[in-house]
Amino acid sequence: MVFRSSRDRRAALAFIFVTAVLDIVAMGIIIPVLPQLIEDFVGSNAQAGLINGLFVALWAGMQFVASPVIGSLSDKFGRRPVILISCAGLAIDYVLMALAPNLWWLALGRIVAGITSSSFTTIYAYMADITEPEKRARAYGLIGAAFSGGFVLGPVMGGFLGEIGPRAPFWAAAVLSGVAFLYGLFILPESLKPENRMAFSWRRANPVGAMMLLLRHPELTGLSVVNFLLYFAHHVFSAVFVLYAAYRYGWGPREVGLLLAGVGVLDMLVQGGLTGPVVKRLGDRRTMVLGLAGGTVGVALMGWAPTGLIFTLAMLPNALWGLAMPTIQSLMTRRVGEDEQGQLQGANMSVASIAGIASPLFFGWIYSISIADSSPLHQPGLAFYLAAVILVIAVGVGLRTARRPDCQEPPS
């Protein structure tokens, strides 16, 4: 089934938005209870923290391996079957984790989750199929807003469901993924025309082969470096934010949860409401640089902030960070053909996965030495300062790449 009318296109956009929200809510629901379930198995809070970190790295590692494969499969067989199979796979996986009798079964569940959640590459490729190049930044902004909304709703729902029991959120996540599958089964049309499909090749589908696509185009290489630096800097929050907020401001779970919810709301407003108008006025390239610059200012202020109030206010310039990701995606999709959109998104996800593995380890190490009494670098905000430096480098690479003649935007 392919698009036959504007009604099909609207239905597809609605499905992609709803699916993104449901998938992220399902992922976010288990965040508050997964460490508790791990602790129930191992009987030690300290060991549970270590294993939870390993599970995060395992999930990111599976995304690194699986994303190019799933992206290439969608280039061959179309977006619809890949998205539907991934939704069904996630539903089955959450049931597996809800019933997990031991830690090994839980680890298997995280492996399957890393593979099936790689369908996000296909969601981005789907949006590239159905959206004109000049409108893709706004479309990707809407997807980013859906992700942010999911991350606001998911942990809140998971916290309430966790009061029932540590396995209840997994059942809820399975239901949400099942709903996404059924919704797509009856509503989602195919977006990739048969004449635009590409034969599957393991040479392109492995992570190294997929990223060769980025190296074949100099402008894609530069933008992928910006993408990597953006993801790397962003993981300062997942790595140290909770510990930093408790150490410096005495914040507990309530304050942290409220701030994270506020961050999600700001991100929704920026990506869903601000990206389109700003891109229309400034273009993709300038909007990308503006977003990176806003993130740099915000993260640097967070490292300096002597009070929790100033840290909270720093979220305002930091929210402009949300302008960068959809515009980077938009610029990159213009540099490849319709038959390579899945491979491109798979390569992008692999780049993000590398950052997701390395960055938490790096910032966790930096934070540990920055608060040690014996350390000559005793500066609690050091990790945030370094994240700001990384974003400054991203701004420089982005400006240099954007000046290339082959990375100029086509006239509207």
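Student: Which residues form a nonpolar patch on the surface, and how much accessible area do they have together?

Tutor: Patches are made of residues with over 30% relative accessible area and no salt bridge, nonpolar side chains (Val, Leu, Ile, Met, Phe, Trp, Tyr) being joined within 5 Å and like charges within 9 Å. In this predicted model, where local features need pLDDT of at least 70, side-chain atom pairs count only at pLDDT 80 or more, and totals for chains, interfaces and linings use all residues, the patch consists of Leu182, Leu185, Phe186 and Ile187, with about 390 Å² of accessible area together. That area comes from the Shrake-Rupley method with a 1.4 Å probe, and for residues only the protein chains shown count as cover. Residues are numbered from 1 along each chain as its sequence is written, and side-chain values use heavy atoms, with hydrogens and water left out.

Student: Why is helix 6 described as largely enclosed?

Tutor: Eleven of the eleven residues of helix 6 are buried, so the rest of the structure largely encloses this helix. Among them are Phe120, Tyr124 and Asp129, and Ile123 in helix 6 is buried with a relative accessible area of 1%. The C-alpha atoms of Ile123 and Phe17 are separated by 9.3 Å, although the two residues are 106 residues apart along the chain.

Student: How many residues of helix 16 are buried?

Tutor: Helix 16 (residues 324-333) is mostly covered, with ten of its ten residues buried, including Met325, Gln329 and Leu331. Another buried residue is Phe384, with a relative accessible area of 0%, which lies in helix 18 (residues 382-402). Between the C-alpha atoms of Phe384 and Ala233, 151 residues apart along the chain, the separation is 8.4 Å.

Student: How is a pocket found, and what is the volume of the second largest pocket?

Tutor: Rolling a probe the size of a water molecule over the atoms shows where empty space is left. On a 1 Å grid over the protein atoms alone, a cavity is a set of points where a 1.4 Å probe fits but cannot get out, whereas a pocket is an open set with protein on both sides within 12 Å along at least five of seven lines, and lining residues have an atom within 4 Å of a point. The second largest pocket has a volume of about 350 Å³, and of its 14 lining residues, Thr131, Glu132, Lys135, Arg138 and Ala139 lie nearest its centre. Helix 1 (6-29), helix 6 (120-130), helix 7 (136-162) and helix 13 (253-304) each supply at least two residues of this lining.

Student: Which side chains meet in a salt bridge?

Tutor: A salt bridge is a side-chain nitrogen of Lys or Arg within 4 Å of a carboxyl oxygen of Asp or Glu, and by this rule the count comes to one. The side chains of Arg79 and Asp75 make this contact at 2.8 Å, N to O; Arg79 is buried at 0% relative accessible area, and Asp75 likewise counts as buried at 0%.

Notes. Points joined across faces, edges and corners; volume = space filled by probe spheres on them. Helix = DSSP H or I, 4+ residues; strand = E, 2+ residues; numbered from the N terminus. Buried < 20%, exposed > 50% of the residue type's maximum accessible area, 1.4 Å probe, protein only.
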